[in-house]
Amino acid sequence: MAARHVARSRHHRHVHPSVSLVRGVLAGALLVLLLAGIPWGLLRYVGRPLPDHAPTGEEITDVLASPMSASLLLNTLACLLWTTWALFAVDVLRTAGETVRGTTRAPRQHGTGPTHGLAGALIGAVVLALLPYRGSQLAAAAHQHSATVDLSAEGTRTAASDQRADEHAEPPTPRGGKAVVVRPPRNGVYDSLWRIAQRHLGDGDRWPEIYALNRGRPQPDGRALAHPCLIRPGWVLRLPDTQTGPDGSRPPGNEPEPPLPTPPRSPDPPPHRPPSHEQDGEEADVGLDLPGGAFVGVGLAAAAAAAAAVVLRRRRIRYRPGSGERGDVHLAPVVRALRMANEDLRLQQEVDGPNSTTVLPADEAEDVGRAEASRQPSAASRDKRVIGVKEGQALAWDLARSRGLGLTGPGALDAARSLLIHYLAEKHTSARGADVLMTHLDAQRLLGTYAARNTQLPRLHVTADTSEALAVLEAEVLSRTRIGEEAADYSDAGKPTELVFLGTPSPTEEHRLQAVLDSGSSVGVCGILLGQWRPGETLCVEADGTVVSTSASRADAFTGTRLFTLPAADARDLLDLLAEAAMASAETKEDTPAPTAERLSESSPEGSEADIRLPSEPIMAPTRPFHGQRLRRSVSHAQQALRLQVFGHVRVTYQPPGAGGPVEVTHALAPKQREVLAYLALHKDGARRDTLTATIWPDAPRRRPYNSLHATLSHLRRALRLATHEEITDITSYADKHYVLDREHVAVDLWDFEHAVRAARGPGIDERAREDHLRRATALYVGDFAAEITAEWLEAPREALRRDYLDAMSTLVRLRSGTDPREALDLLEQARELDPYNEAIYRDIARMQARLGLPDAVFRTFDLLRRALAELGESPSEKSIRLYEALRHSETGGVRGKQNT
């Protein structure tokens, strides 16, 4: 690290020759002034430094016994100046000699001091001014010697540190050699086949060749190599031919190195770094700051939005009318935030074009070709994943090649959770993905007690302890190695899914884990370690995800990077979402796209007959907290001049005084005004100003967050005054920081619907009155809540109201099916038109058609179901298919019975 800072400071002193010339002239003038001016001034104003005669004892005694005189003080200072000048002159001569000798051999080291430092600075400035080209070459050579950086997967190290390490290393095997001795551990880092291949063959990925040559060979301690992840110090391993690689090419370590010029180079590679695309200093194109404190990548936002779409679609399709289920209509706050962020990014891309966010590969930042190829996100290789942001650019990292990434510090757990979720969510946006292996204790450490019940994720595997996890990893490395040997090489499509071990390194198992990660680096086995990881890389992470310190090999690549982080609560919510999406996807794969006659024999007659029944009576208790459930004095619609309709498209009609029909005034309202009216209609008892603003204007400025709300309400009042000819000036009131619709002037269909549904669920009501309330409710529901408005906050209430309608219709069908099956069938068809994707409605229609003896209609109903679900990329469930087969079987049996009779 020190050598890196020295090299950087030297680099910054490289200036233009003209500036060096000016500095050299000034330094030369100062040097002449100090060497000649000081003695000239002393001789002129003070006198010679040597006395005229040697002082006697009496003179010395008199001087010491007498008070200090001005002449004595002046002479003393003159002696000090002469001494300092003499030392400076000697340092100038010595530095000049070293500079001359430095052109042919390295200078000798001497003691340093203020005079020596001043002399060196002045002499150096003069020499650089007189010999600019020679000086540049010397400076470049010194700079390159101290700051040559290797950013390969083995790690970034200075040349000086490599030289010190090589002094204690074993002598390298000659190129014609055939064996190597396994090194003993150093600083807790054990030798491995990967490191031996990297050290002696020039390519760590050639370790399978060493393993193939030495498998089963007896070693000096009587043991034999049986597993690539376990080698012992002192073993003698044969090496493959070092002249050619497995494909006949010469390995990099054996290629002759031609003498090349060594131009000066910078420790940082700004010429090869693509330009940043951050806007206004923000990182919106790379990372997302969420309200709960999480910082995630845009890829997770897209994956969460895709998973949420699958979950919401499946919930709507599989809901059973009459069940009263409402617990799954809301999404977690972090999921809603990610969906909103993904929608904002999508709209931004439609305006600005495709995202051009730069991706910097952390392990190849100095490779010109790869850096140029990484200008687009899709150009990052399959093995690299974006794990954070540095200077407004996405930072990609090849976890497998690093042979383990350790995380320490206050933000280590949040960063590990983020990596876990990012890996598991990849399958929803790309073909690649990863399996994650954790121990039970580490799962509890990251996710709390939630980990014990979250076992339905197909890509998350939890083992009892570290030993069991390592056994799984070792078996996977062996299996993948054998497959790779048989397949000769992996194509991008044929590469196995990555297997990530996420856990705490155990001191007793560290050697074994290191061997697994070294051997598995070429077959997609990698590790994220919670704690210090000496064999690989270790990052110290602050609570906000900022990397404050790293292992020396990755200081430049990671220092200042902000890693993605996820709090525990958000991670659990996202795991729930991914688990439900995975279950939905699994059901889709298992579902048969179309029923066939061959499956008839698989249906159980008893189970099939049990499925042929009408919906049971729904749960009559309120399942959603209706707003305004307190009893209030109702206002007659005749006294309310405005009618607000929020089912279907938002509409506002005005009933002028006197004769004549209502007049629609919706055209006078802007989209945001309609959204505010829909929100206030949903909150019958009123909504807080801050909540209303945060919901509809989430990006409002913090200084004046209510400007947009006030402007919208002002325009709404003006539009109503113009549309009603000054009859109605306002339909909202504000009191106690709450906005509410004025019930004396406006009637709302949603309030009437809720009142009818609540009345139908009331206790002690007879069937005739209940049927009247249900007919009133189902007649009011003419479409989804505020169907034309696309906003995240609308999703949950829209689904809840749809389910209220389906529950009401289910109860009404049950009441009418006993006396008028035809009307019950018409009601079901009406429900299907308003919700064409609910499977239970189609099943009820098919049962009713079979009851009425309409076999052809049953076939058409299931054909409509397949077509409707195909629009969503879904297919009928197993339950629907079994019902269709059972209904067709019962119809066929009935026809045969009539023929036999």
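Tutor: Start with a cysteine. C526 has a relative accessibility of 1%, so C526 counts as buried, the cut-off being under 20%. C540 has a relative accessible area of 22% and is therefore partly exposed. The structure holds zero disulfides. Keep in mind that this is a predicted model.

Now the helix packing. Two packed helices are described by the angle between their axes and the distance between the axes. Take helix α21, residues 671–682, and helix α23, residues 707–723. They pack at an angle of about 95°, and their axes are 10 Å apart. Angles of 65 to 115 degrees count as roughly perpendicular, so α21 and α23 are roughly perpendicular to each other. On the α21 side, the contact is made by K672, Q673, V676 and L677. On the α23 side, T712, L713, H715 and L716 make the contact. By type, the residues of this contact of α21 with α23 divide into four nonpolar, three polar and one charged.

Next, helix α25, residues 767–780. Check its length. The helix has 14 residues, so at 1.5 Å a residue α25 should span 20 Å. Its end C-alpha atoms are 20 Å apart, which agrees. The buried residues of α25 are R770, E771, L774, A777, T778 and L780. An α-helix has 3.6 residues a turn, so residues three or four places apart point the same way. The buried residues of α25 pack against the strand β16 (642–645). They also pack against three helices: α24 (749–760), α26 (795–817) and α27 (821–834).

Note on methods. Residues numbered from 1 in each chain as written. Predicted model: local features only at pLDDT ≥ 70, side-chain atom pairs only at ≥ 80, totals over all residues. Heavy atoms only, no water. Axes fitted to C-alpha atoms, helices over the stretch in contact; angles between N-to-C directions. Helix = DSSP H or I, 4+ residues; strand = E, 2+ residues; numbered from the N terminus. Parallel < 35°, antiparallel > 145°, perpendicular 65-115°, else oblique. Contact = heavy atoms within 4.5 Å. Nonpolar A, V, L, I, M, F, W, Y, C, P; charged D, E, K, R; others polar. Expected span 1.5 Å × (residues − 1). Buried < 20%, exposed > 50% of the residue type's maximum accessible area, 1.4 Å probe, protein only. Disulfide = S-S within 2.5 Å.
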